Amino acid sequence: MNTALVAGGAGFIGSHLCDRLLASGRRVIAVDSFLTGRPENVAHLAGRPDFQLIEHDVCEPLDVEGPVDAVFHLASPASPTDFDRIPEEIMWVNALGTRNLCDLAQRDGARLLLASTSEIYGDPLEHPQRESYFGNVNPIGPRAPYDESKRFAESLVMMRRRMHGLNARVVRIFNTYGPRMRLGDGRMSIEFVTNALRGEPLTVVGDGSQTRSLCFVTDMAAGISRAMYLPATDGQVFNLGNPSEHSVAEYAELIRDIADSSSEIRHVPARPDDPQRRQPDIGRARKVLDWQPEIAPVDGLRRTVDWYREHLALAEPS
Ligand code: NAD
């Protein structure tokens, strides 16, 4: 049986990827330090003979029993609150963690996939963003620990490919949402959903005209899996996300409606370096991976609201 190692497997996207890989008949080893993820995200997989969860910081070398044939590197905090709280941890996992995971993939002759981010485009001057755009990044601003370490990780992976023949690809993930996002982690969709369900004001940064394109997490897991396993992906970079673009103010209203909430929508000052526009061009993923998001925002948001309604009720008994 093929064995995939998912670094960051107890995180939001990583846990959905584990579900998908297991459903397609692969054995999965999830490696996670629980820095921002939770064992609860994969608790439903515990006890399966084809699933193993290892607590480990990938900044330290890994010695898992092999061979593994695919290494997915999703181990990195990704939310704006983490950029202030644990910026150094972010930099090291994208640097040392990437090195250690490349070493492991090279040891076993495995394929490697790096989960990068749309943030490597910074505050883009091209719209929508294609993979060939090099970005507009502030290297010393408050988002730099994330943006620049992801750029470093991309460089490292592609250098290992050129110099050592590592079979590697990069996916640049755009805003993703859905069940298992960490409560209170500052990302727009989860903040709006929890605010709406609690009857609290929905806080829109700036005037709300900045755009976001949201991809439902099961669509994202499907794209990541295809980028790893389809032929002709070695050496490629793929934008993965939902090109359907809406303003932050529109999302606030949509989520409030879906949650059937009477929360007020409140505006607060913009954060420095908060990107104004973000929309993937997924032409390459469509063509090479035959992939595009299938779940419409209104359906994905409904599934997300339903999940949080249940989990908030458990977390906050009245
Ligand atoms: P997440 O925080 O839920 O998942 C990251 C996981 O990595 C967590 O389980 C965390 O505990 C683990 N981790 C962090 N540092 C580690 C370390 N040193 N050793 C081992 N495990 C470690 O975040 P996510 O949203 O699931 O993001 C997954 C990947 O996707 C990240 O690489 C992130 O940069 C990328 N990404 C996510 C989004 C999004 O919208 N969610 C957007 C762009 C990119």
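User: D290, buried or exposed?
Analyst: D290 has a relative accessibility of 61% and counts as exposed, because exposed means over 50% relative accessible area, buried means under 20% and partly exposed lies in between, with a 1.4 Å probe and protein chains only. Please keep in mind that this is a predicted model, in which local features need pLDDT of at least 70 and side-chain atom pairs count only at pLDDT 80 or more, whereas totals for chains, interfaces and linings use all residues. Residues are numbered from 1 along each chain as its sequence is written, and side-chain values use heavy atoms, with hydrogens and water left out.

User: Okay, and where is D290 found?
Analyst: D290 is in the loop between α8 (283–289) and α9, where helices (H or I, at least four residues) and strands (E, at least two) are DSSP runs numbered from the N terminus. The backbone of D290 has a positive phi of about 50°, although D290 is not a glycine.

User: What about R180, what is its phi, and is it buried or exposed?
Analyst: R180 is not a glycine either, and its phi is positive at about 80°. R180 lies in the loop between β7 (176–177) and α5 (188–198), and with 15% relative accessibility it counts as buried.

User: Which residues does the cis peptide bond join?
Analyst: The cis bond joins H127 and P128, with omega about -10°, and P128 belongs to the loop between β5 and α4.

User: Switching to the strands, why is β2 largely enclosed?
Analyst: Strand β2 (residues 27–32) has five of its six residues buried, so the rest of the structure largely encloses it.

User: Which strands are joined to β2 by bridges?
Analyst: Strand β1 (residues 3–7) runs parallel to β2 and is joined to it by five bridges, and strand β3 (residues 51–55) also runs parallel to β2, with five bridges between them; two strands pair if DSSP finds at least two bridges between them.

User: Which unit do β1, α1 and β2 make?
Analyst: Together with helix α1 (residues 12–23), β1 and β2 make a right-handed β-α-β unit. Right-handed means that, with the strands pointing away from the viewer, the path from the first strand over the helix to the second runs clockwise.

User: Now the ligand, which residues come nearest?
Analyst: Of the 30 residues around the ligand, D32, T36, D57, Y146 and R187 come nearest, where a residue is near if one of its heavy atoms lies within 4 Å of the molecule. The strand β5 (111–117) gives the most to this shell, with three residues, and the shell divides into 15 nonpolar, 11 polar and four charged residues. Here Ala, Val, Leu, Ile, Met, Phe, Trp, Tyr, Cys and Pro count as nonpolar, Asp, Glu, Lys and Arg as charged, and the others, Gly among them, as polar.

User: How far is the ligand's oxygen from the side chain of Y146?
Analyst: An N or O atom in the Y146 side chain is 2.6 Å from an oxygen atom of the ligand. On the backbone side, a polar atom of G11 is 3.1 Å from a ligand oxygen, and for F34 a backbone N or O atom lies 3.5 Å from one. The protein covers 97% of the 810 Å² of accessible area that the ligand has on its own, and such areas come from the Shrake-Rupley method with a 1.4 Å probe, with only the protein chains shown counting as cover for residues.

How values were computed:
A polar contact is a pair of N or O atoms within 3.5 Å; within protein, one must be able to donate a hydrogen and the other to accept it, and residues adjacent in sequence count only if both atoms are side-chain atoms.
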